[in-house]
Amino acid sequence: MRLTLLATALVFAFTLTFFDATTARADTVVQFHIEALLNARPVSTLTNGAIASWMPPGGVDGNGSADGYITKAVLAKLGQVGNALPDDGVFPTANGIPEIDLHFSNNNPDPMSFQAHNAHRMVAATIDFAVPQATYSKIFLVLTSAEGADKLTVTLTYADSTTTVTAPFTLADYDTPVAPNTAEVSYFSLISMHKWSATNQLGDNAGHQITGVILTPTPTKPLKGITIAKPADGQYLVFWGATGIATSPVDAGVSAGGLDSGTEDGASDSSIGAANDDAGSGMASGASGSGGAAGSGVGGNSSGAASSGASSGSTTSGSTASSSGAGSSGTGTTRYGGGSNGGGCSQSGSSRTDVPLWGSLLAALCAVIARRRGRSRG
């Protein structure tokens, strides 16, 4: 009898352990590498104490020739105050937006490297890149439009060659409030700040944002590619990067955007995942809602009704984002194929941390066995 009870307990424990392992879900934040697409330098950085300025015609405004952004270190070097971009290009998890790593950094070994992809006005552009195959709950595309609101179309291509096409949606001008969310697209703002001239002179107001859109792929189909289409209109577009939340194992063998060329961000490898579980120190709280373009900590739209108020006009050193509650990331990072010949993603996992039920049940069964053994000896 004792052996039968012990065997039953062990089988039961194994079954529950296996069930828990196979049903536990580990959402993974995947940074898509688009290095092969980079053709613009919109951010001034600081290398060895010297400013490496943004480079026309790859700025953020004036069809790429009028204005750019700067990092916090450049801001300090210039003796200015206000908001500026993170020195390593990493925007920590905040307000439903996962960590997003962009392609500028003070530590890039090439101080004049490209940092984004731009598409000039009156030019029809197609931005096409592969992603590591997996099922994804959310896709975050970081984009800014200048000289007015742009109309974009995004096509998601799945492993079975089927597609999901997002009808043309409005990407608001980067110096205006983000557009209201739709059934297909949600919007967010990573940061708001001043823009800077080609000689790094402060310009205009502090409401110039880096914005983005959130898309929801078909949850049961592995995604393999994304295409962004811009019409030949009067707007100027900057594509900064893309991030996804994977809900299945990620195929690390897929190159995103043909990574056999392009420049790897030299700083992001060491910084990813360091602050995934918090909003980062010194981050402005921001205000959700369609009215919050002004101020240095501007927030984007939330998924439901927009909250009241806008962020204050005061400048801070942090960044904020507000979104449709798109998921979270956890600590720990796996970099797939770093360097210029790397694979298709960086990823940081967030595993479910429920206390397993089988542990408690096994303890109860062992107690029953012990009592039975005590009675038989008595």
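## A buried pair to start with

Asp233 and Lys230 are both buried, where buried means under 20% relative accessible area, exposed over 50% and partly exposed in between (1.4 Å probe, protein chains only). Their side chains meet in a salt bridge, with 2.8 Å from N to O. A salt bridge here is a side-chain nitrogen of Lys or Arg within 4 Å of a carboxyl oxygen of Asp or Glu. Side chains of opposite charge can pair when their charged atoms come close.

## How to read this model

This is a predicted model, in which local features need pLDDT of at least 70 and side-chain atom pairs count only at pLDDT 80 or more, while totals for chains, interfaces and linings use all residues. Residues are numbered from 1 along each chain as its sequence is written, and side-chain values use heavy atoms, leaving out hydrogens and water.

The pLDDT score is the predictor's confidence in each residue, from 0 to 100. Its mean for the protein is 73, and 60% of the residues reach 70 or more. Two stretches to treat with care are residues 9–25, where pLDDT stays under 50, and residues 254–343, where pLDDT also stays under 50.

## The protein as a whole

The protein has four helices and 17 strands. These are DSSP runs numbered from the N terminus: helices are H or I with at least four residues, strands are E with at least two. Of its 378 residues, 50% count as buried.

A contact means heavy atoms within 4.5 Å. Among contacts with a separation of 6 or more, 75% come from residues 24 or more positions apart.

## A salt-bridge network

How many salt bridges are there by this rule? The count comes to six. One of them joins the side chains of Asp61 and Lys195, at 3.2 Å from N to O. Asp61 sits in the loop between strand S3 (50–52) and strand S4 (69–70), and Lys195 in strand S12 (residues 186–196), so this pair ties together parts that are 134 residues apart in sequence. Asp61 is buried at 12% relative accessible area, and Lys195 is buried at 10%.

Lys195 also forms a salt bridge with Asp204, with the closest N and O atoms 3.6 Å apart. Through shared partners, salt bridges join Asp61, Asp67, Lys195 and Asp204 into one network.

Is Thr45 buried or exposed? Thr45 counts as buried, because its relative accessibility is 1%. Thr45 lies in strand S2 (residues 43–47), and its side chain makes a polar contact with the side chain of Arg41 (2.9 Å). A polar contact is a pair of N or O atoms within 3.5 Å; within protein, one must be able to donate a hydrogen and the other to accept it, and residues adjacent in sequence count only if both atoms are side-chain atoms. Leaving aside neighbours within four places in sequence, the contacts of Thr45 include Ala50, Thr71, Ser105 and Gln115.

Thr164 belongs to strand S11 (residues 163–171) and is partly exposed, with a relative accessible area of 25%. The side chain of Thr164 makes a polar contact with that of Tyr158 (2.9 Å). Not counting residues up to four places away in sequence, Thr164 touches Val154, Thr155, Leu156, Tyr158 and Thr218. Thr164 and Thr218 are 54 residues apart along the chain, yet their C-alpha atoms are separated by 7.8 Å.
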